[in-house]
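Here is a friendly walk through the model, meant to be read with the structure open beside it. Where would you like to look first?

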Amino acid sequence: MTVLQEPVQAAIWQALNHYAYRDAVFLAERLYAEVHSEEALFLLATCYYRSGKAYKAYRLLKGHSCTTPQCKYLLAKCCVDLSKLAEGEQILSGGVFNKQKSHDDIVTEFGDSACFTLSLLGHVYCKTDRLAKGSECYQKSLSLNPFLWSPFESLCEIGEKPDPDQTFKLTSIQNFSNCLPNSCTTLVSNHSLSHRQPETVLTETPQDTIELNRLNLESSNSKYSLNTDSSYIDSAVISPDTVPLGTGTSILSKQVQNKPKTGRSLLGGPAALSPLTPSFGILPLETPSPGDGSYLQNYTNTPSVIDVPSTGAPTKKSVARIGQTGTKSVFSQSGNSREVTPILVAQTQSSGPQTSTTPQVLSPTITSPPNALPRRSSRLFTSDSSTTKENSKKLKMKFPPKIPNRKTKSKTNKGGITQPNINDSLEITKLDSSIISEGKISTFTPQIQAFNLQKAAAEGLMSLLREMGKGYLALCSYNCKEAINILSHLPSHHYNTGWVLCQIGRAYFELSEYMQAERIFSEVRRIENYRVEGMEIYSTTLWHLQKDVALSVLSKDLTDMDKNSPEAWCAAGNCFSLQREHDIAIKFFQRAIQVDPNYAYAYTLLGHEFVLTEELDKALACFRNAIRVNPRHYNAWYGLGMIYYKQEKFSLAEMHFQKALDINPQSSVLLCHIGVVQHALKKSEKALDTLNKAIVIDPKNPLCKFHRASVLFANEKYKSALQELEELKQIVPKESLVYFLIGKVYKKLGQTHLALMNFSWAMDLDPKGANNQIKEAIDKRYLPDDEEPITQEEQIMGTDESQESSMTDADDTQLHAAESDEF
Amino acid sequence: MESIKEMNIFKMTTPNKTPPGADPKQLERTGTVREIGSQAVWSLSSCKPGFGVDQLRDDNLETYWQSDGSQPHLVNIQFRRKTTVKTLCIYADYKSDESYTPSKISVRVGNNFHNLQEIRQLELVEPSGWIHVPLTDNHKKPTRTFMIQIAVLANHQNGRDTHMRQIKIYTPVEESSIGKFPRCTTIDFMMYRSIR
C-alpha cells in the first residue's frame, strides 16, 4: 500500500469507527476506483458489509478475484448471510467437489483469522447436516481461540458435549498471542525482539500516528491483522515525533481528548479491540492513581482513548515501550500525566503485499520511567473485589503477586457488556498499589509484569467462561437443576445480566416451573428491556400461566421494538393464541417464519396452532420443518407425537414422545404423555412405571398423579386410585376433573352417596366441562339395549343446561353416564 | 267475532321483535366452539358486484352481501369433509337494512345440492343484532353435514333483495380429541397439560 493511500484509508477507517457508513462507503469507492488493489477492494467490501448491505459486498467480491484471506473470509461471510452455503463452503475450504482443505491448511492460510474462519465453516457444515465435520471445525476453532463463545454454544446446541474446562483455557503463550490480534499480550521476553518490533513498526509507518489513531479507533480491524508479527510487544509506542501530518493528528487528538475516559482495558486483546467490548479490568482514566504516581500504567479502552501523540508534549508521561527506554513516545492523555496510554495495538494490516502496517496498537502502555512500577491497572482485575469476595477465589491469578483480581469480564455471547465498575477500581487501585508497593512486583520487569497482568485478565475471563460454559452445557443437555445451580454461583454482577438470567429462566421453563421462570424473565425485562433473545420462552411461560395482560404487554413492546425479530412475532402469536384467536396467531407465527426461516421455535408454535384449529396435515408439516431446522428441538417431536395420538396412532405417538424424551430426559410432562399412550396401547404396567418415574422427577406435577389414578381406575385398582385422588385433592382443590374421577371411582365401588357428592362438586366447579364429558360418556354408552335409560338421560341432559335442574335428576343422569371406564 | 278481531289487532300491534343475541366472539372465548367458516367453500345464489362473499365473511358489520336475483336467496356453505356444526350466527339489522332485512330464513343441510333437508326455519321480526341458530338434529346433538344452505325466503316489507352483513358458523371443540387430556379448569392442571 503506498503512502498515498494511507491517509485515505485512515479516513475510511475513522468513518467506519464512527459508524458514518455513507462517508466510509463513498471514500472507499473513490479509493477503489483509484487503486484497484485487493486491499482497497476489501476495504470497500467491509464498508458495504458493515453498513448492513451484505449483498453489495457479496456481489462486489464475487466480481473480482479475492486471493487474500480477509477478502475470502468476508466473501464467505456474505455468502453465509445470504444463505448461499455451498458457495461459502467452497470459498473457505474448497467445496464439495474440489479437494478439500484440511483444517491445518486453513489455519496456515488464514492465520489469525483462522478461528473465525473455522467457526464459519463449522456453521456451514452444521446447517448442511454434516454435524461431525461441523463439530470438528468448532473444536478446532475453539482450540485456536478460546475467547470465542459462539462455537462453544453451537457445539452444545448440536448435542455435543464439549468440556468447558478443556476448552476455555489458555494453554500456551502461543495460543494467547494468536488469539489476540495484536497480541497485545504476548510479551516477548527478550529485549531484542521488543526492540525490533517497535522499530519496524516505526519504520514501516511514517504516518503511524494517524494509522495509530485510526487503528485505535478501528478495533475490529485487528482481526485481519497480524499474521506475521504475532508477538508484539504490548506497548508498542509510536512516538509523536513521527507524526507527519499535523492536521490529521490534531483532529484526531481532539477527538481523543474528547473521548470519555471511561476506562482503559488492560487487555488489549479482543476485548479491547472492539470499541464495544469493555475491557476486562478497567481503569478509569480520571482516577488519579493513589499511591505511586510515578508509574502509570493505563490501558486505554480502545474507543475511549486514542491518545494522539500530542505533538511536542514531551512533558506528558511517555509511554514506554516495554523493554524500551522511556525516550520514545509519549502518549499521554492530555492533562493528566498519570494517564497515559493509548493502548496501541500494533498490528499489521493484511497479510501479503500490503502490509501497510498500520500498527494498531492496543496495549497497555507502560510508563516510561523504567524504574517506575507500572501501576497495574489492577483495576483491571477487579472491579469489586478489593475485598476478597468469594469470586476472587476463582479468579485469583496464579502467580505471586496476589492481586485480587476480579476481572470484569465482558459479557459473553450476546455481547452485552457490563460496564466497568468504576467505583471499585478505586478500591482496587488502592489495594493494588498497596500490594504493589510491597515491592513484590518490583522484582518483575515491566514487560513481564504487563504480560502477566494481561494473562491474568485473560485467565479471569477464561474462568468465567468455564463456569458459564458448564452452565450452558448443562442447560443444553436439559440438566436444568444443575444448570441453575452452576449459573447461580456466578458472581452477582454477571448473574444480573440478561444472558445469564435468560438461561436460568429457560432452565426453569424446561422444568415446568413456570412461576419461577416468569419471575426471572420479568427481571430480565426490567434490567435489559432491549433484549429479545429468550423472550419467546417468556411469552410461552405467560401463555402457560394464562397471564394475558402481561403477555399482551410483552408482545406489544417487542413488536414495537423490533419487527425483524422472530421472537417478537412469536410473542404476538402466543398472545392471540391465548385469546383463542387462532387465525391471527397463525398469521403472526407465519410472519415469524418469514422474518427468520431458520428459527425452529416459530415452526413449532405454528404447528401447535394448526393442531388447535384441527388442521393436522399442516401441523405435521410445521413440526417436521422445525425438526429439519433443529433436530434437537424436542418440542417439535412432542408435537408430532401429539398429532399421532389424536389420530389414535398410538405406537407412532409413543415413538415420537420417546424421541423427545431422549433429548430431554427430565421432562415430567413428556413422561406423563408417554404413560398415557402406553396405557392406550394396553401396556398398563409400563404406563404405571412411567408415571411413577414422572412423579419422582417432578412431584409437583398434578397431571401425572391424575393420570396414574385414572390408569389405576381402569385397571380396577380402586383403592389405590382413590388414595391418589385424595392426595391430588389436597394439591389442587379446585380441579373439577379430580372430583369427577373420584365420583366415578365411588360409583364403581358402589358408594353412590359419595359418588353423587363428588359429581355435584365437579359440576359446580365446571358446569360446561362436566356436561361435555358426561355427554361424551353418554355417547360412548349409546347401545341399542340401553335405549330407554339413555333417552331418559338425554332428555334430562337436554333440559339441564344449568345447574338449576334438580340435583337428583342430574345425579341420576351422571350416575348412569359415568359407567364408562374410560376417561 | 269481535274478540277474535281484537285478538288479531292485539297481535299485530305488539309484534315481538327478535332480540339480539350475544356477540359470537364471546362464544369463541369460552373455548367451547370454534369458527370454521374458513374451512368451507362459500357461494351465493346471486350478488351485486362489490357486495359478495368477501363482504359477508370479512368480520366487518358495515359491509354486507346484497343479493341480485329472485327469491329465495341462497348462501351455500360446503365443507371438504363431514363436519359437526353446532351454531350458526347471522347478523341482521332492521334499522340499517329496512326492507332488505330478511324475515324468513330456512336452514337446510345435506350432502350436496340435491340432498338438502330443512332443519330449521326461523322468523325474524325487526332484528337488531346477532341471531344465534343452534343446528341440532333430532337427538339434540350438533349436526354432522357436508353442506349447509341458508335460504332467505322473505324480507321485511316484502323486499325483493336482501342484505346480510355477517354469517359465522361454529363447531364444538372436541375435548376428547385432545386425546384423553380433558379440559381442565384450573391453571395448575393446564400448565402441565402440554409442552409448547
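## A phenylalanine between two chains

Setting aside neighbours within four places in sequence, B:Phe189 is in contact with A:Pro702, A:Leu703, A:Phe706, A:Leu728, A:Val732, A:Glu735, A:Leu737, A:Val738 and B:Cys184. Contact here means heavy atoms within 4.5 Å. Please keep in mind that this is a predicted model, in which local features need pLDDT of at least 70 and side-chain atom pairs count only at pLDDT 80 or more, while totals for chains, interfaces and linings use all residues. Residues are numbered from 1 along each chain as its sequence is written, chains are lettered from A and ligands numbered from 1 in the order in which they are written, and side-chain values use heavy atoms, with hydrogens and water left out.

## The nonpolar cores

Which residues touch the most other members of the largest nonpolar core? They are A:Phe706, A:Leu725 and B:Phe189, in a core of 183 residues. A nonpolar core is a set of buried Ala, Val, Leu, Ile, Met, Phe, Trp, Tyr and Cys residues joined through side-chain atoms within 4.5 Å. Buried means under 20% relative accessible area, exposed over 50% and partly exposed in between, using a 1.4 Å probe and protein chains only.

Helix α19 (residues 446-476) of chain A gives the most to this core, with eleven residues. Another core lies apart from it and has 26 residues, including B:Trp42, B:Ile105, B:Val107 and B:Leu135.

Helix α34 (residues 702-714) of chain A packs with helix α32 (residues 668-680) of chain A at an angle of about 15 degrees, the axes being 10 Å apart. Axes are lines fitted to C-alpha atoms, for helices over the stretch in contact, and angles run from 0 to 180 degrees between N-to-C directions. The angle therefore makes α32(A) roughly parallel to α34(A), a label for angles under 35 degrees. From α32(A), A:Ser668, A:Cys672, A:Val676 and A:His679 make the contact, meeting A:Leu703, A:Cys704, A:His707, A:Val711 and A:Ala714 of α34(A). These residues divide into six nonpolar, three polar and no charged. In this count Ala, Val, Leu, Ile, Met, Phe, Trp, Tyr, Cys and Pro are nonpolar, Asp, Glu, Lys and Arg are charged, and the others, Gly among them, are polar.

With helix α36 (residues 736-749) of chain A, α34(A) packs at about 20 degrees, with axes 11 Å apart. That makes α34(A) roughly parallel to α36(A). On the α34(A) side the contact uses A:Phe706, A:Ala709, A:Ser710 and A:Phe713, and on the α36(A) side A:Leu737, A:Val738, A:Leu741, A:Lys744, A:Val745 and A:Lys748. Here the division is seven nonpolar, one polar and two charged.

Is A:Glu654 buried or exposed? A:Glu654 is buried, with a relative accessible area of 14%, and lies in helix α31 (residues 650-663) of chain A. Beyond neighbours within four places in sequence, A:Glu654 is in contact with A:Val677, A:Gln678, A:Leu681 and A:Lys683.

A:Arg30 lies in helix α2 (residues 21-34) of chain A and counts as partly exposed, at 40% relative accessibility.

## The chains overall

Chain A has 40 helices and five strands, and 61% of its 823 residues count as buried. Chain B has five helices and eleven strands, and 48% of its 196 residues count as buried. Helices (H or I, at least four residues) and strands (E, at least two) are DSSP runs, numbered from the N terminus.

Key. Parallel < 35°, antiparallel > 145°, perpendicular 65-115°, else oblique.
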